Amino acid sequence: MSDARLAQATDGARRPRGPRYKLTRLGETFEGLRARGERALVAYLTAGDPSLADTRRLVLEAARRGADVVELGVPFSDPLADGPVIQRAAMRALDRGTTLPRVLETVATLRAETNVPIALLTYYNPVLAFGLKAFARTAADAGVDGVIVADLPPEEADPLAAEAEAAGLDLVAMVAPTSTPERVRLIARRSRGFIYLVALTGVTGERREVPRDLAAQIRALRRVTRMPVCVGFGISRPEHVEAVGRLADGVIVGSAIVRLVEERAGSAGLVEAVGDFVAALKAPLRGPR
Amino acid sequence: MKRARPRPAALPDAQGHFGRFGGRFVPETLMAPLVELERAYARARRDPAFQARLAGLLRDYAGRPTPLYFATRLSEQAGGARIYLKREDLCHTGAHKINNVLGQALLAERMGKRRVIAETGAGQHGVATATAAALLGLACEVYMGAEDIERQALNVFRMRLLGARVVPVESGSRTLKDAINEALRDWVTNVRTTYYLLGSALGPHPYPVMVRDFHAVIGAETRRQARQALGRLPDALVACVGGGSNAIGLFHPFIGDRRVRIIGVEPGGEGLATGRHGASMTAGRVGVLHGCMSYLLQSDDGQIATAHSISAGLDYPGVGPEHAYYRDAGRFEFVAVTDEEALEGFEALTRLEGIMPALESAHAVAHAMRLAKTLPRAKAIVVGLSGRGDKDVHVVAKALGTEVK
């Protein structure tokens with residue numbers, strides 16, 4: 001990427017104001033997608049479910065079959081933003097001894113084989129236990145690109161944001177249907193990499209339909225930011241992805257993939273089944289809107 | 001490092017921080033509703049009509065003021081300081097929980113929320129919430145760990161009689177901590193129509209403040225009653241601490257009275273050395289759970305540990321943030337009392353005074369007896385007797401090796 005384009009992309013995609021930084025891998029990915037007229041598929045996997053070795057294989061397969069960003073869930077004992085599917089996955093992963101340090105080791109080994117941007121989805125306590133500075137540095141060194149903390153609103157995020165910034169890690173913030181216009185502006189300003197738009201009031205999990213007021217939520221965000229907007233929660237089928245892909249820059253699918261992992265865990269066809277599903281989810285995001 | 005002098009009036013700050021504790025660590029979906037709740041509470045608090053209605057219910061419905069009772073025979077048995085009991089066990093529904101529940105249920109009604117949800121451990125907060133919901137005609141669902149449902153069958157049935165739906169929680173440790181997770185998941189989903197009536201002095205701001213304020217009537221009455229009975233303030237306050245609601249209610253009005261020792265009693269379970277306990281102050285580290293920063297029982301990599309206690313109401317791996325603050329500030333002391341010692345406290349109070357305490361409160365009784373022995377008769381200790389023990393009779397029977405049919 002030329003310097004001029006880099007500066008332009010940095011301005012547009014990642015940092016509406018302020019000094020110029022090197023574009024992160026997440027920023028580059030969204031720029032590339034935009035240039036190709038595509039939207040991002042963000043594929044979520046719970047790290048360590050059914051094992052970290054499987055997670056490694058699943059990340060590589062997801063990236064090969066069309067995931068533009070992989071979101072790795074760090075299992076936590078009390079996942080209060082998650083529905084039953086991801087709760088069960090977290091429990092399985094914890095039973096197998098998965099810890100945040102081991103998830104970071106897994107990412108480090110993955111970096112020899114893939115360039116796909118990796119964002120961690122975690123709760124705050126494992127990060128606190130690791131130590132904010134140590135976490136940000138270790139994660140960045142391991143090749144983690146972004147961090148999303150499910151229970152860390154902007155009001156409490158300054159300490160981690162400072163360490164993430166220093167380490168070159170994008171701290172992705174979430175916007176919810178209940179966020180007031182004032183909060184939407186605050187979050188848009190604070191978020192790095194992309195903005196995670198929570199599509200519904202509720203926990204993660206599959207739903208029959210895409211919420212109707214999503215278009216209005218996205219419009220509200222577009223008015224205050226040029227940062228990429230990825231939509232998650234409740235999106236589980238290719239037709240949902242297609243509908244959301246018409247509005248957003250990226251679509252996040254979690255529980256539906258995790259449920260597939262749950263069903264196929266231990267079978268020879270696990271990796272292929274997840275790969276096929278990822279390919280089916282990505283397909284509607286390739287063409288023009 | 002300079003130790004900050006506790007100034008209760010300045011706490012918490014605008015974001016709900018007690019020093020480094022407290023705050024609001026919740027999914028974004030709950031942030032705007034929490035701000036709305038905070039504002040609604042601030043208005044209600046200033047509204048004389050709201051305060052008058054609450055005071056009326058506390059008096060005529062809950063049975064306040066509760067007595068401050070001098071436990072003569074218990075004091076003699078302990079040998080030393082005089083032990084007084086603040087009789088929250090005499091409140092309607094059998095525990096202090098009703099104070100907070102009436103306040104918050106009135107607030108829910110005022111905010112136009114027709115559905116309330118709650119979590120419960122021992123079932124006391126669930127029963128109190130179901131009671132207030134019946135009183136005000138609100139729909140009520142109570143989340144309760146499946147293990148606690150087995151331990152507290154009587155309270156489960158009471159809640160159902162009162163018209164509440166009791167939702168068993170099978171996830172995690174199947175106790176109070178998981179019931180709070182599930183209640184928060186419900187609230188995230190139904191936040192526009194539902195009021196989350198949290199029962200302990202924890203959770204995201206403004207809950208710790210609200211719960212403390214509604215229970216502060218315990219300490220305020222105790223001050224007046226102690227002045228009457230003793231002609232002065234007591235020398236020590238002792239209360240059990242799970243999340244810490246009854247304790248903060250008793251303690252808070254005394255924080256500025258430096259000569260009054262304030263002691264929280266944590267569940268020591270099978271003993272601190274066994275690792276099977278709920279003593280988050282004594283054996284925990286700072287972390288974030290259920291929306292606030294406080295002391296938590298957790299693993300080295302930040303997974304929340306399972307608490308253990310004979311009393312379901314203390315079976316929680318964390319503690320309210322204000323307690324954590326005053327512990328670090330050196331104002332509150334914390335000690336642990338084991339299951340076995342709590343049972344001894346239960347038996348002592350039952351046999352000597354004819355008062356059967358909740359197993360939670362029995363922890364405080366046990367420590368008060370221990371403390372009284374070390375002090376002269378001129379000293380007075382007030383125990384927060386947070387609840388009555390009917391609900392625990394079968395647990396006590398089992399622990400004593402008999403079965404109640």
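**Reading the interface and the cavities**

Tutor: Start where the chains meet. The contact draws on 35 residues of chain B and 37 residues of chain A. Keep in mind that this is a predicted model.

Student: How much area is buried between chain B and chain A?

Tutor: Buried area is what two parts lose on being put together, summed over both. Here the figure is about 2,800 Å², and carbon and sulfur atoms give 54% of that.

Student: What about charges? How many salt bridges are there between chain B and chain A?

Tutor: Look for a Lys or Arg nitrogen within 4 Å of an Asp or Glu carboxyl oxygen. Between chain B and chain A the count is two salt bridges. Find the side chains of D78(A) and K177(B): they form a salt bridge, at 2.8 Å from N to O. Polar contacts are counted separately. Between the two chains, 18 residue pairs are in polar contact, with both residues at pLDDT 80 or more.

Student: Which elements of chain B supply residues to the side that touches chain A?

Tutor: Five elements give at least two residues each: β2 (21-25), α1 (31-46), α8 (176-190), β11 (285-289) and β12 (291-296) of chain B. The largest share, eight residues, comes from α8(B). Sorted by class, this side of chain B has 14 nonpolar, 12 polar and nine charged residues.

Student: Now the inside. How do I find empty space?

Tutor: Roll a probe the size of a water molecule over the atoms, and it shows where empty space is left. This structure holds six cavities of 30 Å³ or more.

Student: Which residues lie closest to the centre of the largest cavity?

Tutor: Of its 30 lining residues, the closest are H96(B), K97(B), S245(B), G313(B) and E360(B). In chain B, β5 (115-120), α5 (124-136), α8 and α10 (245-251) each supply at least two residues of the lining. The lining divides into 10 nonpolar, 16 polar and four charged residues.

Student: And the second largest cavity?

Tutor: Its space is about 190 Å³. It has 22 lining residues, and I86(A), Y196(A), T204(A), F233(A) and G254(A) are the closest to its centre. From chain A, β8 (250-253) and α12 (255-264) each give at least two residues to this lining. By class, the lining has 13 nonpolar, six polar and three charged residues.

Conventions: Residues are numbered from 1 along each chain as its sequence is written. Chains are lettered from A and ligands numbered from 1 in the order in which they are written. This is a predicted model: local features need pLDDT of at least 70, side-chain atom pairs count only at pLDDT 80 or more; totals for chains, interfaces and linings use all residues. Side-chain values use heavy atoms; hydrogens and water are left out. Contact means heavy atoms within 4.5 Å. Buried area is the accessible area (1.4 Å probe) that two parts lose on being put together, summed over both. A polar contact is a pair of N or O atoms within 3.5 Å; within protein, one must be able to donate a hydrogen and the other to accept it, and residues adjacent in sequence count only if both atoms are side-chain atoms. Helices (H or I, at least four residues) and strands (E, at least two) are DSSP runs, numbered from the N terminus. Ala, Val, Leu, Ile, Met, Phe, Trp, Tyr, Cys and Pro count as nonpolar, Asp, Glu, Lys and Arg as charged, and the others, Gly among them, as polar. On a 1 Å grid over the protein atoms alone, a cavity is a set of points where a 1.4 Å probe fits but cannot get out, and a pocket is an open set with protein on both sides within 12 Å along at least five of seven lines; lining residues have an atom within 4 Å of a point. Grid points are joined across faces, edges and corners, and a volume is the space filled by probe spheres set on the points.
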